[in-house]
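Dear colleague,

Please find the structure below for your records.

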Amino acid sequence: MIPSSIITRVKQKRIAQLISKGKRIDGRNLYDYREIQIETGVIERAEGSARVKLGKTEVLVGVKLEIGEPFSDVPNEGVLTVNAELVPLASPTFEPGPPDENAIELARVVDRGIRESKAIILEDLCLIPGKKVFVVFVDIYVLNHDGNLIDASALAALAALTNTKIFNYEVKDDEVVIKPGYKKLPLRNSPIAVTFAKINDRLVVDPWLEEEGVMEARLTVIMEKEGKICAMQKGGGGYLTPKQILEAVKVASEKSKELRKLVVKE
Amino acid sequence: MPTFFEKRELVAPGDLLAEGDYIAGENTYKENNKIYATRIGLVEYENRKVSVVALKAFYIPRVGDIVIGKIVEVGVSGWSVDINSPYLALLKASDVMERTFNPRRDDLTSIYDVGDMIIAKITAYDRTHNPLLTVNEPGLGKITRGQIVRVTPAKIPRIIGRKGSMINMLKRETGCRITLGQNGLILISGRSLESERLAVMAIRKIEEESHTSGLTDRVAEMIRKEKERVKNE
Amino acid sequence: MSKNPEKLINEKGLRLDGRKPDELRPVKIEVGVLSNADGSAYIEQGKSKILAAVYGPKEVHPRHLALPDRAVLRCRYHMAPFSVEQRKSPAPSRREMELSKVIREALEPAVFLEYYPRTSIDIFIEVLQADGGTRCAGITVASLALADAGVPMRDLVAACAAGKIDGKIVLDLTDTEDKNGEADLPVAMMPTAELITLLQMDGMLTTEEFEEALNLAVQGCKQIYEAQKEALKAKYIEIKEAVQE
């Protein structure tokens, strides 16, 4: 994935040795997540926002709403667009400039999770059919990269969306007039991403930076609230066997339920 | 302990060639006691060794090889030479000049300039450095006449033939001087343009049909027929 | 704009183009089609037409991109402006950038990069006409272009997509089926050891449906692999037969 700084050979061996014994360098079990902290409403100027700390990885997501034109093939639906920035201050390996392939992949994977699970009720975001709809901008801002940006970003995006308010409006003479007051962004699903790294032929959940530096392949499974898979992405070079993929799906099933509880209060 | 193909059968990357106590030869690799092909070519089973004679492969420098290259850059202390390989080769000025090289007095372009072709020998090569060349031996140096033909380097052994049978036939039938660079470049120098043309034609045919048998005779036949045809025009 | 078809599978269980659910589209592959590239290959899979070319291994420029212990694999997946129904701008889109990355990652495990330190192997995939399955067909021809260039490989990489349309799991979706279906699952693998090097999915599948689709995609990849081997050997077999006459 992201080219991390060179991991010493000694450390590589240590990580691999521990993993074959079912342990990780930070003491976690193979399927454990690091400590997760979620805070919503951290940017008041944004219509919705959340900050997630996954171990030392830190991602901030801001949601902004604008009024725009719908796509011609779905004229009565709102528009969702997801962007990610690997901000240079987050890692010595991030360079300033337009989004590179890693930032684009990150944004598109998180986007697919939200879009394919139909999490946002886009039909309820239509203001004037065929002419004006709400455009939901989800901007992922990575503040500190210590591994597993996908899960942290997906979690922050979901938390930010649950926190998003859309302003009340009235349509008068083909114009949209904003009225006082807010209502919540209409959501019908809560996609959760679970990412695995394959190290020494074993799968571990929530790889941190040094594990990403030695992993042979990466697999992200995104599940919606009913337990269906709505997106998957194999990343990094390397390969996986069909058996490993099916194992990951099984584990993701459980882990996604655990993570969902942190964002969606039942 | 099984092998899975006939001798000299065409194989592709990933084809399982043998299983058991075999040695992985050229263009193969061994994993879990199985030997697979890495390139498209003809499989050879020689006692315990399994190898593939590749039909298409680029040139990886080997110390001692004679190569034909093109000067592509004149540097401060030597020349960069394109030897049809992933790596650019270097010819140091000290190799060519008898006395110590002085960049202020000596102009390297007067010896070899960009675009010149040379015959050289590889004197050093390892994973961390580019190949080093020398022209300081008889028969090496700048090429001044003739034509250069380029073939995929994997075919050079075929053009030599068993115990030189093919290359000797070519020299005999065309009357040309033929110098083979291990890197796939061939220098043809004949008494007439016509004889050089015959040699080029023959080499192209060998390249295309290298995986078939009875080639030496067929090529000799083709050259004779072509000489007849030209005589009767 | 084409209008959306009402049904993708008819009462007889056949798809819009007459195929059965587990049937591949007709595939035509040719290897060694470009004279300048070190290796090249072309595929027509249904109406999709994709060309791939390989340059290298050669020294990397700019030098600082070189890796000291292995070759760098670079890949560019690009769609021609006239390849899709509504003309696409030639500038690389975010989708093309993501696909370039995952395709590169799908081919990397197959190449012996360690053999050629400090060099680059450049892969170019051009989609001339798109009708679904372009990243898979792109991987299929790119791996043939690598073999054609003489780059040593562990195995060819074969790719094929499965998906779900009208509630049924199917193989090798067309563009219409992808746009109107419920799920799309492109898969690439090194077939000899059944090692999966590309896996993406979007849509909605239960875990059982996913397993069924994955197995179907793997079968599809194996069929593509046969077609690849045939195409790779075809050129040489033709010459051998002509000579024997």
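**Contacts between the chains**

In chain B, 23 residues are in contact with 26 residues of chain C, where contact means that the C-beta atoms of two residues, placed from the backbone, lie within 7 Å. The side of chain B that touches chain C is made up of 13 nonpolar, five polar and five charged residues. In this division, Ala, Val, Leu, Ile, Met, Phe, Trp, Tyr, Cys and Pro count as nonpolar, Asp, Glu, Lys and Arg as charged, and the others, Gly among them, as polar.

Please note that this is a predicted model, in which local features need pLDDT of at least 70 and side-chain atom pairs count only at pLDDT 80 or more, while totals for chains, interfaces and linings use all residues. Residues are numbered from 1 along each chain as its sequence is written, and chains are lettered from A and ligands numbered from 1 in the order in which they are written.

Chain C also meets chain A: 27 residues of chain C are in contact with 25 residues of chain A. On the side of chain C that touches chain A, H1, E9 and helix H4 (207–244) of chain C each supply at least two residues. The largest share, 11 residues, comes from E9(C). That side of chain C divides into 13 nonpolar, six polar and eight charged residues. Helices (H or I, at least four residues) and strands (E, at least two) are DSSP runs, numbered from the N terminus.

E9(C) is also joined to strand E12 (residues 229–235) of chain A by four bridges, and the two run antiparallel; strands pair if DSSP finds at least two bridges between them. Within this pairing, Ile229(A) has Leu205(C) of E9(C) as its bridge partner.

Helix H2 (residues 101–116) of chain A packs against helix H1 (residues 94–107) of chain C at an angle of about 105°, and their axes are 9 Å apart. The axes are lines fitted to C-alpha atoms, for helices over the stretch in contact, with angles from 0 to 180 degrees between N-to-C directions. H2(A) is therefore roughly perpendicular to H1(C), a term for angles of 65 to 115 degrees (under 35 is roughly parallel, over 145 roughly antiparallel and the rest oblique). H2(A) contributes Glu101(A), Ile104(A), Glu105(A) and Arg108(A) to the contact, and H1(C) contributes Arg94(C), Met97(C), Glu98(C), Ser100(C) and Lys101(C). These residues divide into two nonpolar, one polar and six charged.

**A sheet in chain B**

Chain B holds an open sheet of three strands in the order E2-E5-E4, with antiparallel pairing. Strand E2 (16–19) and strand E4 (28–31) stand at the edges with a single partner strand each, so one side of each is left without a neighbour in the sheet. The twist averages 25° from one strand to the next. E2(B) pairs with strand E5 (residues 34–37) of chain B over three bridges, and Glu19(B) has Lys34(B) as its bridge partner in E5(B).

**Backbone features of chain C**

Most residues other than glycine have a negative phi, and most peptide bonds are trans. The peptide bond from Gly56(C) to Pro57(C) is cis, with omega near 0°, and Pro57(C) is found in strand E3 (residues 48–59). Asp166(C) has a positive phi, near 45°, and is placed in the loop between strand E6 (158–165) and strand E7 (168–171).

Yours sincerely
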